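This briefing is meant to be read beside the sequence and the three-dimensional structure. Please keep both in view while working through the points below.

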Amino acid sequence: MENRKTVLVVDDTSVNLQFCKGILGSKYDVRLAKSGKTALSALERIQPDVILLDIEMPDMTGFEFMEEMKKNADLSSIPVIFVTSHATEKLVEKALGLGAVDYVVKPFLPDILLAKVKNALSAVV
């Protein structure tokens, strides 16, 4: 059996988590976290191949999560794709400046998300 890549989806909205899992679940091992803090804790147990990350979450923003993640050398190379409903130039610039490999604006087409995850995984050396 093929070794499936792991995608960690971090979003505080259950509907968004289940939507992403529905899109990605047939191709990837999808793990879900409802907060940045939960996701950081999960990174102690799993090392995903890519992370889909919401910006606005109550306990820790996606930007704060990424800053914490980047402090750990073992985690800093995991590609992060921000998935958010906010598409201002300033936010996109900040996300990419923190090291995100891509930025997806909600609502999105399933095929777009699949392509962006595939591209992020193929860019990993």
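A residue is called buried when its relative accessible area is under 20%, exposed when that area is over 50%, and partly exposed in between, using a 1.4 Å probe and protein chains only. The model is predicted, and for that reason local features need pLDDT of at least 70 and side-chain atom pairs count only at pLDDT 80 or more, while totals for chains, interfaces and linings use all residues. Residues are numbered from 1 along each chain as its sequence is written, and side-chain values use heavy atoms, with hydrogens and water left out.

- Helices (H or I, at least four residues) and strands (E, at least two) are DSSP runs, numbered from the N terminus.
- Helix H5, residues 110-123, has 14 residues and reaches 20 Å from its first C-alpha to its last, close to the 20 Å expected at 1.5 Å a residue, where the expected span is 1.5 Å times one less than the number of residues.
- The buried residues of H5 are Leu113, Leu114, Val117, Ala120 and Leu121.
- These residues lie on the same side of H5 because they cover an arc of only 130 degrees around the axis, the arc being that of the directions from the helix axis to the C-beta atoms.
- An α-helix has 3.6 residues a turn, so residues three or four places apart point the same way.
- On the other side of H5, the residues Asp111, Lys118, Ser122 and Ala123 are exposed.
- The cover over the buried residues of H5 includes strand E1 (6-10), helix H1 (14-24), strand E3 (50-53), strand E4 (80-84) and strand E5 (102-105).

**Nonpolar cores**

- A nonpolar core is a set of buried Ala, Val, Leu, Ile, Met, Phe, Trp, Tyr and Cys residues joined through side-chain atoms within 4.5 Å.
- The largest nonpolar core has 21 residues, and those with the most contacts inside it are Val10, Ile51, Leu53, Phe65, Met69 and Phe82.
- E1, E3, helix H3 (62-70) and E4 each supply at least two residues of this core, and H3 gives the most to it, with 4 residues.
- A second, separate core of 19 residues includes Val50, Leu52, Val83 and Val117.
- In soluble globular proteins, nonpolar side chains tend to be buried together.

**Salt bridges around Lys106**

- The structure holds 5 salt bridges, each being a side-chain nitrogen of Lys or Arg within 4 Å of a carboxyl oxygen of Asp or Glu.
- Asp11 forms a salt bridge with Lys106, in which the closest N and O atoms are 2.8 Å apart.
- Asp11 lies in the loop between E1 and H1 and Lys106 in the loop between E5 and H5, so the pair ties together parts that are 95 residues apart in sequence.
- Asp11 counts as buried because its relative accessibility is 4%, and Lys106 counts as buried at 17%.
- Lys106 also meets Asp54 in a salt bridge (3.6 Å, N to O), and this pair links distant parts of the chain, since Asp54 is in the loop between E3 and H3, 52 residues apart from Lys106.

- A cis peptide bond, with omega about -10 degrees, joins Lys106 and Pro107, and Pro107 is found in the loop between E5 and H5.
- Most peptide bonds are trans.

Terms used. Contact means heavy atoms within 4.5 Å.
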